[in-house]
Amino acid sequence: MRAALGVASECAPLVKTGGLADVVGALPAAMRPHGWHLRTLLPGYPGVLGADSTARVVAREDDLFGGPAQVLAAEANGLDLLVLDAPHLYARTGSPYLDADGRDWPDNDLRFAALGWMAARIAAGALPDWQPDVVHLHDWQAGFAAVYCREMGARAGTLMTIHNIAFHGLTSARQRAALRLPAAGFSPEGFEFYGQISALKAGLIWSDRISTVSPTYAYELTTPEFGMGLDGVIRARADALSGILNGADLDVWNPATDPAIRNFTTPRGKATNRAQLAAEFGITPGEGPLCAVISRLSEQKGLDLLLDALPRLLDRGGSLVLLGSGDRALEEAWRRAADGSDRVGARIGYDEALSHRMYAGADAVLVPSRFEPCGLTQLYAQRYGAIPLVALTGGLADTVIPANEAALRAGAATGVQFHPVTAQGLGFALDRLCDLYAERKTWGRMQRNAMHAEVGWDASARQYATLYDALAAQG
Ligand code: ADP
């Protein structure tokens, strides 16, 4: 077994705000059959520290960005964890990133620099009996680790994975010394970004290889439309860039064994879950499809477009249930849309078990994102026989076979795709969805295709292993 260190701010099921956590939580088991043993370094948030009472100290640091810290070796949910116990940085309740008022913690730069620093120390040999060949950095929270690894002369190869380029981890240039970053690095060729410091840019420039979570998003990142100001950096490193799709954890997302639902193995088995879902939201579905949205409520996810297109769905006898949280104005707008309606239901909040019940009960899952690096909800939807209706962008383009005439004739379709990503485009797609739903045979075929689609980690883990192998060989 070769050894790799994953570095991330989230890891399901211990701490999750989005798809990043699912990926970080699933990758270790996925990589094992390919000869890679992955340990995961996580911040010691209260929920993570409490996960294993038998954890033991394997490294100490007297001054980790303002206080003492230790690394604990722990096991939880089959994951081999290294937990960075640094109370001055992580002993806070609630979201990993936000205070009770929904604002970023003012010291997020230091909190995640510390994570990166410890990752580099481990890569440089801080643990007596374990040394990774590869360090796998996830998103901006791990970005500075690439710089520190270089500065400390760590021999491990570094891979920076972009899960979402919208988040840069920006901080003031005045923080450079406090962040223990080299002065020479503060330049347009380094981690400087329009006068500030960008943790993500640091990761993109200092890491040996870069990956992102779908082939289409990899291409999109090289364009100004999607690169969020970093497209030039990505283009300059195009030779080091790969796009590897995320997978679904098939043990967690399995309708035949999922403890949160009435289990089923064929689309017909969804009927009870559908009825329960409608009852849970207090709605009465019409003759059209019962659609679900499970999502962060942010500009990215296009749920404002769905508010505009909603009448199209309702006119066709469709209904909708939404579970989400985030942007306050969107939360309010969705509450209003559901208020007094017997065919629209909304739950504002985060509820893992309810999300499972929604995939199981819905006829379709809607993902009208303006951009979507990979997207996991459309994978889970397929597994649970819910037809994904998705925007033609990023990983949504790579994971759904759209029900165009050719795909229908080939009997291969698994979903509906639309472009351009506008309310009008979405309205047209909702019409199309309702047409397909009315053709029971076609719909059943699509459901079966979806349930059998390969949405697991197998193929992608193999691609990561090839990448890890190359990185280890150069180290
Ligand atoms: P992103 O990472 O951009 O949020 P993904 O589609 O990659 O989007 O992953 C979203 C993950 O978070 C999925 O597992 C989805 O089921 C889950 N999720 C999103 N919002 C909620 C919510 N309000 N309650 C429960 N699960 C949610």
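Mentor: Start at L396. Leaving out residues up to four places away in sequence, L396 touches V367, S369, E372, C374, Q378, V390, A391 and Q417. Contact here means heavy atoms within 4.5 Å. This is a predicted model: local features need pLDDT of at least 70 and side-chain atom pairs pLDDT 80 or more, while totals for chains, interfaces and linings use all residues. Numbering runs from 1 along each chain as its sequence is written, and side-chain values use heavy atoms, without hydrogens or water.

L396 belongs to helix 15. Helices (DSSP H or I, at least four residues) and strands (E, at least two) are numbered from the N terminus. Relative accessibility of L396 is 0%, so L396 counts as buried. The cut-offs: buried is under 20% relative accessible area, exposed is over 50%, and partly exposed is in between, for a 1.4 Å probe and protein chains only. For a sense of distance, take N273. L396 and N273 are 123 residues apart in sequence, and their C-alpha atoms are 26 Å apart in space.

Now step along to P402. P402 sits in the loop between helix 15 (394–399) and helix 16 (405–409). P402 is partly exposed, at 23% relative accessible area. Beyond the neighbours within four places in sequence, P402 contacts A407, A413, G415 and Q417.

Go back along the chain to Y384. Y384 lies in the loop between helix 14 (377–383) and strand 17 (387–391). At 0% relative accessibility, Y384 is buried. What does the ring of Y384 pair with? One partner is F264. That pair is edge-to-face, 6.3 Å centre to centre, with 75 degrees between the planes. F264 lies in the loop between strand 12 (241–243) and helix 10 (270–281), so the pair ties together parts 120 residues apart in sequence. F264 is buried too, at 4% relative accessibility.

Another partner is Y359: centres 6.3 Å apart and planes at 45 degrees, so this pair is tilted. Y359 is in helix 13 (residues 352–361), so its pairing with Y384 ties together parts 25 residues apart in sequence. Y359 is buried, at 2% relative accessibility. Rings of Phe, Tyr and Trp (its six-membered ring) pair if their centres lie within 6.5 Å; planes under 30 degrees apart are stacked, over 60 edge-to-face, the rest tilted. By this rule there are 19 aromatic pairs. W253, F264, Y359, Y380 and Y384 make up one aromatic cluster.

Next, the backbone. Most residues other than glycine have a negative phi, and most peptide bonds are trans. Which prolines follow a cis bond here? P420 is one of them: a cis peptide bond joins H419 and P420, with omega about 0 degrees. P420 is in the loop between strand 18 (416–418) and helix 17 (423–438). P13 is another: a cis peptide bond joins A12 and P13, with omega about 5 degrees. P13 is in the loop between strand 1 (2–7) and helix 1 (19–31).

Then check phi. F65 is not a glycine, yet its phi is positive, about 55 degrees. F65 lies in the loop between strand 3 (56–61) and strand 4 (69–76). F65 counts as buried, at 8% relative accessibility. M228 is not a glycine either, and its phi is positive at about 50 degrees. M228 sits in the loop between helix 8 (224–227) and helix 9 (231–236). M228 is partly exposed, with a relative accessible area of 33%.

Finish with a helix pair. Helix 11 (residues 303–315) and helix 12 (residues 328–338) pack at about 20 degrees, their axes 11 Å apart. Helix 11 and helix 12 are therefore roughly parallel. Angles under 35 degrees count as roughly parallel, over 145 as roughly antiparallel, 65 to 115 as roughly perpendicular, the rest as oblique. From helix 11 come L303, D304, L306, L307 and L310. They meet L330, A333, W334 and A337 of helix 12.

Terms used:
Axes are lines fitted to C-alpha atoms, for helices over the stretch in contact, and angles run from 0 to 180 degrees between N-to-C directions.
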